[in-house]
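Trainee: Please take me slowly through a single part of this structure, with enough of its surroundings that I can find my way.

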Amino acid sequence: MTVTAILGTAAVIALIRNYLDSSDKKKRESRRASMRRASIPRVHIPMKAQKHAAHGAPSASAQKGMLMKGRVIEGAKIGEIQLFDIETLRGKFPSADVPNGSRKKAQNHSGENIKYNKIIGNDAYILKDIVRKPNSEDTVEAFLRAGPRSITHFDPSKVVGAVVTCGGLCPGLNNVIREVVHSLIYLYGAKRIIGIRGGYNGFCDPTYKPMDLTPENTAECHHAGGTILASSRGGFDSEKIIAFLVKHGINQLYVIGGDGTHRGAYLLSQECIARGLNISVVGIPKTIDNDVDLIDRSFGFQTSVEAAQDAIRSAHIEAQCNMPNGVGIVKLMGRSSGFIAAHATLGSGDVDLCLLPEILIELDGPNGCLPFLMKRVQEKGYAVVVVAEGAGEELLGESAEVDAGGNRKLPAIGEFIKKKIENYFHDHNSVATVKYIDPSYMIRSVPANATDALYCMLLAQNAVHGAMAGFTAFTVGLVNNRMVYIPIPRVVATSPRMMDPEGRTWERIMSMTRQPNPQARLDPKDFSVQEATVI
């Protein structure tokens, strides 16, 4: 007879389950024991050391303690911490003092508002310089940590917000707009949000009609590049802008733009206070060139570096497939700093020569880029060049013309380099087949990638938290991978920043391309320089 016939089907099934449960339990316990052993640092004690342990040598437990706790560095210290306070509307105007322990429009299955996991106090701050060296300064700058506060200055149900995008396009603009709207509505239950069309001009020009922004009409805008509000340069008129704010009852203004746009936002914030207007003015830094100082990076920068890879790959193929002596040139954005060109070069691995605004361009001589390029073409049969739009002003001169935003119009460095390469090969009894690609507007009009989309959400949410708390005249950004609030005067004081011509990013470029190293075009001590590689 079978076991099933003797015990019955149910009993056999129960026995099998008990066996499997017991087996799984043993396996789980074995895995936990392995994890515990793996988490404890193993300290190898040589036999000689073990013999002399009784004579003063550190025991195994003592050595393990040293590994776990680290050691004290003699003479190393942080002296004074200089915290940059954010200007607040509290004390200047009556505060609603609404408790802010939970999201207003986010509820669980029981209908209760979902509480914030963490409320940030005004005593939490982030240090700017976390790399310490023997010669580091004792004074360290610090910025207020961003996030929801326990009490709001504004009554959320009475908040009328406005959003404006200024300057050139950048990946992620629609993401920021969408997340500002969603944060105001879903986190705070704001009354209304107005979208200002066409940058600062939208406040002044009656033909630029404002639009109501809702979760419904912004739900999918983040999938597209550009900005649903459109943008423009210039148009700043504080009188007309403030008249618009008063007319529409706006008490929170979110300004998305670069350092010039931020300067205008700061003027508005001060004028509002001077006129007794309880209006919070918030900046969200936007620059495709990644040249706003202090913050780790600007939104859209990583997307642009990624988008530039298509142009570099095209230039690489063109150079390989066009004989004789194929050379592909790609011009990328970078007015005063070469971050996009630098990181696109490093991300590609196919670039032979990278020309940046921070580094002098020497055409001929020992450090000349033209003899280097000819040699590289002779070795490989082709070469790829990446040049930032702001490079080479020492060769072409600075333009006196400016655009509506006050930016100098840049000389045509790409075409200049193309012509110089062709002439140099001709002068050396050879010929170069040069293909020139300018994807500038392509890389700034694409949708944000996942990394930038997440960053845009963090920027927008924390901008809204700051405005609701009553802060004004501030911008928001990542500093040492933590979201912070920075006073606008501080962030614009050292912007635009530039890549360190004596730093590790440039060093990595030279190690990859093996190009000559001419002198820095500008003394980095005269400018704000990003010490760490931007990642």
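Mentor: The chain exposes about 26400 Å², and carbon and sulfur atoms supply 53% of that area; such areas come from the Shrake-Rupley method with a 1.4 Å probe, and for residues only the protein chains shown count as cover. This is a predicted model, in which local features need pLDDT of at least 70 and side-chain atom pairs count only at pLDDT 80 or more, while totals for chains, interfaces and linings use all residues. Residues are numbered from 1 along each chain as its sequence is written, and side-chain values use heavy atoms, with hydrogens and water left out.

The chain has 535 residues, of which 47% count as buried; buried means under 20% relative accessible area, exposed means over 50%, and partly exposed lies in between (1.4 Å probe, protein chains only). Its secondary structure comes to 17 helices and 20 strands, where helices (H or I, at least four residues) and strands (E, at least two) are DSSP runs numbered from the N terminus. Among contacts between residues at least 6 apart in sequence, 77% join residues at least 24 apart, a contact being heavy atoms within 4.5 Å.

Strand S11 (residues 252-257) runs parallel to S12 and is joined to it by six bridges, and two strands are said to pair if DSSP finds at least two bridges between them. Within that pairing, Gly257 stands opposite Pro285. Between S11 and S12 the chain passes through helix H8 (residues 259-274), making a right-handed β-α-β crossover; right-handed means that, with the strands pointing away from the viewer, the path from the first strand over the helix to the second runs clockwise. Strand S17 (residues 474-479) is also parallel to S12, with two bridges between them, and here Val282 stands opposite Phe474.

The loop between S12 and H9 holds Asn290, whose phi is near 65 degrees, a positive value in a residue other than glycine; at 0% relative accessibility, Asn290 counts as buried. Asn480, in the loop between S17 and strand S18 (482-487), likewise has a positive phi, near 55 degrees, but Asn480 is partly exposed, with a relative accessible area of 25%.

Beyond the loop that holds Asn290 comes helix H9, residues 301-321, whose 21 residues should span 30 Å at 1.5 Å a residue, and the 31 Å between its end C-alpha atoms agrees with this; the expected span is 1.5 Å times one less than the number of residues. Its buried residues include Phe301, Val305, Ile312 and His316. Among the elements that cover the buried residues of H9 are S13, S15, S16 and helix H15 (450-468). The loop between H9 and S13 contains Pro324, which a cis peptide bond joins to Met323, with omega about 0 degrees.

Five bridges join S13 (residues 326-332) to S16, and the bridge partner of Ile329 in S16 is Tyr436.
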